[in-house]
Amino acid sequence: MPALIDVLAALDALWPPERAEQWDAVGTVCGDPDAEVGRVLFAVDPVQEVADEAVKLGADLLVTHHPLYLRGTTTVAASTFKGRVVHTLIKNDIALHVAHTNADRADPGVSDALAGALDLRITGPLVPDPTDPAGRRGLGRVCELDHPVALRDFAERAAARLPATAQGIRFSGDPDRLIRTVAVCGGSGDSLFAEVRAAGVDAYLTADLRHHPASEAQQAAAMPGGDDLALLDAAHWATEWPWVEQAAAQLDEISDRHGWGLRTHISRTVTDPWTAHAPTPAHVPPTTTPGAPR
Ligand SMILES: [Zn+2]
């Protein structure tokens, strides 16, 4: 069995930590470099349910996309929810390693996995990494559909292909309009509207689209000569979950090459914070709130 230090070196080669954003906190959170690794669990969020899953599985290493501690801390006491995760992992000899924005920018990265789940053909990154002469790395991906489909059908495809969440897929635009080109960005993507417009795509699928950026994009799209951009908003966790499968397959391949015999596992625990959804009974204009003064 390989030592943790060897497995981490392989992971760092896939997602070099120096390519993470300045504000990010990637790398190894806990773990003994000399410990042997036989089983690895991949997940999006380093939350208690996932730590418990790693214990149950007998994992030696948990690899997550989101950091446990993004900012500095002065305590890992088990009376805090993050400290409890640390205690659970250390008591059970499980290392935790994070690949966040370094995995976003990789080739293949988080948005490649998202595009793959949606059966999209990638033409290039949405925001190319200037340090990559080949122009393959960067944030988000610009993609084409093999066959144009109506926006409604594309939204249904996304709802069916991404893991189920309470939110499902929200979308904005004429449901019958044909979608030929799509930009995708796994995770929060509403800071990339300028790049999406410049890409001239028919639709943008991402997560966490807030009211103002989405409203402004919609208003600009509707202007004469506007870009007529359709928006699709999925749950943040659901847009990043396909990376978990991709990452596990990447480590499998490395393990085979080295004869490590690692057993990799994919967490199917839903860690999206939203757990339920109450649909509006019908699309009716707002009426006076019952009981409001008139
Ligand atoms: Zn994320």
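User: In this predicted model, by about what are His-236 and Glu-240 separated in helix α9?
Analyst: The two residues are 4 apart in helix α9. An α-helix has 3.6 residues a turn, so residues three or four places apart point the same way. The separation of His-236 and Glu-240 is therefore about one helical turn.

User: Which residues coordinate the zinc ion?
Analyst: The donor atoms lie at 2.0 to 2.3 Å from the zinc ion. Both histidines give NE2, and Glu-240 is listed for two OE donors. In sequence the donor residues follow the spacing H-x169-H-x3-E. They are His-66, His-236 and Glu-240.

User: What is the arrangement of the 4 donor atoms around the zinc ion?
Analyst: A tetrahedral site needs all angles between 85 and 135 degrees. Here the angles run from 57 to 129 degrees, which makes the arrangement irregular.

User: Is Glu-240 buried or exposed?
Analyst: The cut-off for buried is under 20% relative accessible area. Glu-240 has 2% relative accessibility, so it counts as buried.

User: How many residues apart in sequence are the parts that the pair of Trp-15 and Trp-243 ties together?
Analyst: The count of aromatic pairs is 2. Trp-15 and Trp-243 form a tilted one, with 5.3 Å centre to centre and 55 degrees between the planes. Trp-15 sits in the loop between α1 and β1, and Trp-243 in helix α9, so the pair ties together parts 228 residues apart.

User: What kind of aromatic pair do Phe-193 and Tyr-204 form?
Analyst: Phe-193 belongs to helix α7 and Tyr-204 to strand β9, 11 residues apart. Phe-193 and Tyr-204 are both buried. Their centres are 5.7 Å apart, and their planes make 75 degrees. Planes over 60 degrees apart count as edge-to-face, and this pair is edge-to-face.

User: What do the buried residues of α1 line?
Analyst: Leu-4, Val-7, Leu-8, Ala-10 and Leu-11 are buried in α1. Seen down the axis, the buried residues fall within an arc of 155 degrees, so they line one face of the helix.

User: What covers the buried residues of α1?
Analyst: The cover includes strands and a helix. Among them are β1, β3, β4 and α9.

User: With which side chain does the side chain of Arg-105 make a polar contact?
Analyst: Arg-105 is in the loop between α4 and α5. Its relative accessible area is 17%, and Arg-105 is buried. Beyond four places in sequence, Arg-105 touches residues including Arg-19, Asp-129 and Arg-137. The polar contact, at 2.7 Å, is with the side chain of Glu-21.

User: Which residue is joined to Asp-107 by a cis peptide bond?
Analyst: The residue is found in the loop between α4 and α5. Omega of the bond is about 0 degrees. The residue joined to Asp-107 is Pro-108.

User: What separates the C-alpha atoms of Val-86 and Asp-228?
Analyst: Val-86 is placed in helix α3 and is buried at 9% relative accessibility. Asp-228 lies in the loop between α8 and β10 and is partly exposed at 45%. The two are 142 residues apart along the chain, and their C-alpha atoms are separated by 47 Å.

User: What is the phi of Asp-93 near?
Analyst: Asp-93 is in the loop between α3 and β4. Its relative accessible area is 64%, so Asp-93 is exposed. Its phi is positive, though the residue is other than glycine. The value is near 55 degrees.

Key. Residues numbered from 1 in each chain as written. Predicted model: local features only at pLDDT ≥ 70, side-chain atom pairs only at ≥ 80, totals over all residues. Heavy atoms only, no water. Phe/Tyr/Trp six-rings, centres within 6.5 Å; stacked < 30°, edge-to-face > 60°. Buried < 20%, exposed > 50% of the residue type's maximum accessible area, 1.4 Å probe, protein only. Donors = N, O, S within 2.8 Å, 3.2 Å for Na, K, Ca; no water. Tetrahedral: all angles 85-135°; square planar, octahedral: opposite > 155°, others 65-115°. Arc of directions from axis to C-beta. Contact = heavy atoms within 4.5 Å. Polar contact = N/O pair within 3.5 Å; in protein donor to acceptor, adjacent residues only side chain to side chain.
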